Amino acid sequence: MIRNQVTGGIQYAVVQGQNVTVTLPPRIEPHLTGLPPLEETFTGRDEELQALLAALGPDRERPEARTVSAVAGLPGVGKTELVLHAARQALRTEGWFPGGVLFVDLAGYDKERRVTPEKALDGFLRALGLPVEHIPHDLQDLRRHYTSVLAAYAAEGRRILVVIDNASSAAQVEPLLPGDGVTAVLVTSRHTIGGLGARLHDLDVLTPEAAVDVLRRALHTARGSADNRIEDDPEHARLIAERCGHLPLALQITAALMAERTDRALADFAEDLADAQNRLDELSVQGEAEGQDWAVRSAFALSCDRLDEEQARLFALLSLNAGPDISTEAATALVGREARAARRMLEALFRAHLLARGGASDRWRMHDLVRLYAFERVQTGLGQEDAGGALGRLWEHYRSTAEAAGGAVQRGAGAVRSARFADREAAETWLEREYPNLLGAIGNAEAVDRPAAAAALTASVSGYLHRSRRFEEALSAAVVTLRCVLGERPSNLEAWALEMVGLALLELDRHEEGAAHYYRACTIYTLLDDRLGRARTLDQLGVALAELDGRAEQSEEAFALSLALFRELGDRGGEAECLAHLGKVRYHERRYQEAVELHRQAAELFAETGDVVGRQTAVLLMAAAQQGLEEYAATLDSYEQSIDLYRQLGERRQEGTALEHLGVALLSLKRPAEAERRLREALALWRDLDDLAAQARTLDKLAEMLDEADRVEEAETVLRELVAVGRDLGDRLAEARALARLQTVVSLSGRPGEAIAVGLAAARTAGEAGEPVGEAAILLLLGLDLMAEQRWAEGVEVNGRAVELHRELADEGGEAMALAGLGESLLQLQEVEEAVAALERAAERHRSAGNREPEARVLNLLAFGLHHLPSPRDDDAGEALRRAAQLYGELGDDDGVRQAKQNLKRLPRRSR
């Protein structure tokens, strides 16, 4: 037997051809473990840190505790730093790891630096105090020694934490796992490594706020707190963080560059990163201390080097998809392989964290910086022919599938059916998921000079974009398409693209610009003798011109020419559309009788062409015009028919509109129960469609109805939802108005304390929305509630602000009411002189506005203040009370007269 003694240590024995008994050192010195220092910029990982710590504690009875935790994520996302912070915190926690920590960087993605399990175990055993002469070379023997030493430490209550960083595979990690059920292990990898029995943690990029905080901390660490560029320019700090993809590695690289150049502003660095093609070049710096290459490109390259040829090809080609994510189906078309092989490659890229899961199981997304790197590989590693062919396949997939989806959702005359989608809902779902990719492809078409592809995709997706009210996106697609198809000579395609731009502009209420584009399109169609195109553009031109001041005559002329052309061509569908558009113009002009007749004609023509949706829409518009004529009973059947038809066709948005109109008509006919039912049906439908604007509209009608019916509690519930919807819409004015109405309801419910809280929020929101009229009205009611609660100091502040606003608005009545509230609050605070000044102005304003009852009330208060001045003005007080009694008498208010006279008697006799 060979015996090796280290005084005061732990003994263990292992059979290895002979018995060896070794006494180990009392503790593992941290410097021997090689645990790297912590970054001072670590931030934004509290939740993930707590999740790791929950699994590290010594209490194995907890269900969340597990001996091995594996953190996976994108290169540079901060896996190592997270694990190091968890290890440091665990080491500082008493009783968790009294034996210390072992650390190894396996460099699993670097072929030249990769650490083998044998080398890692050798280092661990040395750190554990095993004499060099007793450390074997064979992997099996190394593992046997390692597990025996760790078990000995654990048996003596000196539990050890093992940190295995940058592993590339289970084969690299598995020999380093203790297997004793006590020693804890933290593993990091760019892949999700299965088969270790580990608790898996996927690490995402930082939040925008945390990303900016990394920049701030890094600068302060390098340059001290005097470098305030982040604090002084938060807008560009956020932009830099965004252009770094909120990726910690990229942020650190950028911060290092910023620390070197203190003379440069944040705007300069943001501009450096603005060019996506050069962004990876900007995110590179050479670490001087150890020659460490911090290039983001290098981090990604190490991951890609592990891919096989086909996986690497797909990885590069995925960057050609210009949208935010890609489906398995689209990726299959892109790579030009059969679906099963493509899915296997996608899964491999996902395991390498070069891809992340999208919102659904068959969708994939790339981090921005990974996408840039992948595109570099297209430019340097793939032939132009291969990339061009892949892009062509992808575009054809999008075009043909979008065309099929458009056919599946289309209703009425001209609808095209396809076997690609089982039903309309499936087609709508596909369009909802893919429209960002279609828009990206359209934009990409311009960059690579593919005008036909841009036009085809725009034609396929524009209908969906308009139906779903994504007008900005429709405009962007149309503008790009127009740029793509512009040539030396005018063409039908150019005119059509101008129409698409004009249509989107009209939907965005940019009527002047829309009219200009329709003029250009009409000119081209006239030159090309395309009468149908000319008729179509004249119709839309009429719509645009009708919205512009002083252009009514031109609008009438455009509609007349359009109708004449459609009739000459025998295009009954086009004629019906034009009549319906003209009817809508008449409706908005409040020429309701003409609108009714035009929509009736349109409905008949749509019926002739078999366009059931067009017919019912015309019927619905006719009913709205009849409602304008207050012919409510005549509209009910039209609305009911519309609702039934739209429901059958699955046209949920039109159904909601019909339900809404029907509810309003029923209210006008004094049938509130039926009206409420229909409005609530419409509201439920708008919620399903996530149409916040429509929700707000319907909630507003419901609240008004409930308020009029004195159903205060229900009105309050509806108004609270209306407030929330306004906030979600980002419409501060709508939110403020809803809060103001809620304030009134709560106040009238006898809950002034709650009303005050709502009123404060309403006033603040109205102020932020730049709505002085609303803010002034809110403050008046808020002042009354504050006084009811005897919160006089706040009453002074609120009424004072109300005075300022009403004065700016030249609203004498409102100013007088605010002055009265201000004066009363000041009286209660015994600031009598200021109170009298406010009340005198209030009385003067009421007298000027002819508000006799409010003036009388103010005069009573004013008399009280005049009497209690340090030098009483009792004669003026008597005059004020006599004027008050006179006003009450004119109003027939005997109680008011009596009160004024009683107050007068309290004054000295000479002043009465």
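This is a predicted model: local features need pLDDT of at least 70, side-chain atom pairs count only at pLDDT 80 or more; totals for chains, interfaces and linings use all residues.
Strand 7 (residues 184–189) pairs with strand 4 (residues 68–73) in the parallel sense, over five bridges. Two of the residue pairings can be named. Alanine 70 has valine 187 of strand 7 as its bridge partner. Alanine 72 has serine 189 of strand 7 as its bridge partner. Strand 7 also pairs with strand 6, again in the parallel sense and over five bridges. Here valine 163 stands opposite leucine 186 of strand 7.

In a regular strand, side chains alternate between the two faces of the sheet. Strand 7 can be read in this way. Ala184, Leu186 and Thr188 point one way. Val185, Val187 and Ser189 point the other way. All of these residues are buried. Because six of the six residues of strand 7 are buried, the strand is largely enclosed by the rest of the structure.

Helix 20 spans residues 451–467, a run of 17 residues. From its first C-alpha to its last it reaches 25 Å, close to the 24 Å expected at 1.5 Å a residue. Valine 461 is itself buried. Other buried residues in helix 20 include Ala453, Ala454, Ala455, Leu457 and Thr458. Ser460, Ser462, Tyr464, Leu465 and His466 are also buried. Just after helix 20, arginine 469 takes a positive phi of about 60°.

Aspartate 539 is found in helix 24 (residues 531–546). Its relative accessibility is 4%, so aspartate 539 counts as buried. Leaving aside neighbours within four places in sequence, aspartate 539 is in contact with Phe559, Ser562, Glu577, Cys578 and His581. Aspartate 539 and leucine 561 are 22 residues apart in sequence. In space they are 8.3 Å apart, C-alpha to C-alpha.

Glutamine 626 is found in helix 28 (residues 612–628). Glutamine 626 has a relative accessible area of 8%, so this residue is buried. Not counting residues up to four places away in sequence, glutamine 626 touches Val596, Arg600, Glu631, Ala634, Thr635 and Ser638.

The cysteines were considered last. A disulfide is a covalent bond between the sulfur atoms of two cysteines. A search of the whole structure finds zero disulfides. Cysteine 522 illustrates this result. The closest cysteine sulfur to that of cysteine 522 is in cysteine 578, 12 Å away, and therefore too far for a bond. The cut-off for a disulfide is a pair of cysteine sulfur atoms within 2.5 Å. Cysteine 522 counts as buried because its relative accessibility is 9%. Cysteine 484 also counts as buried, at 13% relative accessibility. Cysteine 578, named above for its sulfur, is among the contacts of aspartate 539.

Key
Residues are numbered from 1 along each chain as its sequence is written. Side-chain values use heavy atoms; hydrogens and water are left out. Helices (H or I, at least four residues) and strands (E, at least two) are DSSP runs, numbered from the N terminus. The expected span of a helix is 1.5 Å times one less than its number of residues. Buried means under 20% relative accessible area, exposed over 50%, partly exposed in between (1.4 Å probe, protein chains only). Two strands pair if DSSP finds at least two bridges between them. Contact means heavy atoms within 4.5 Å.
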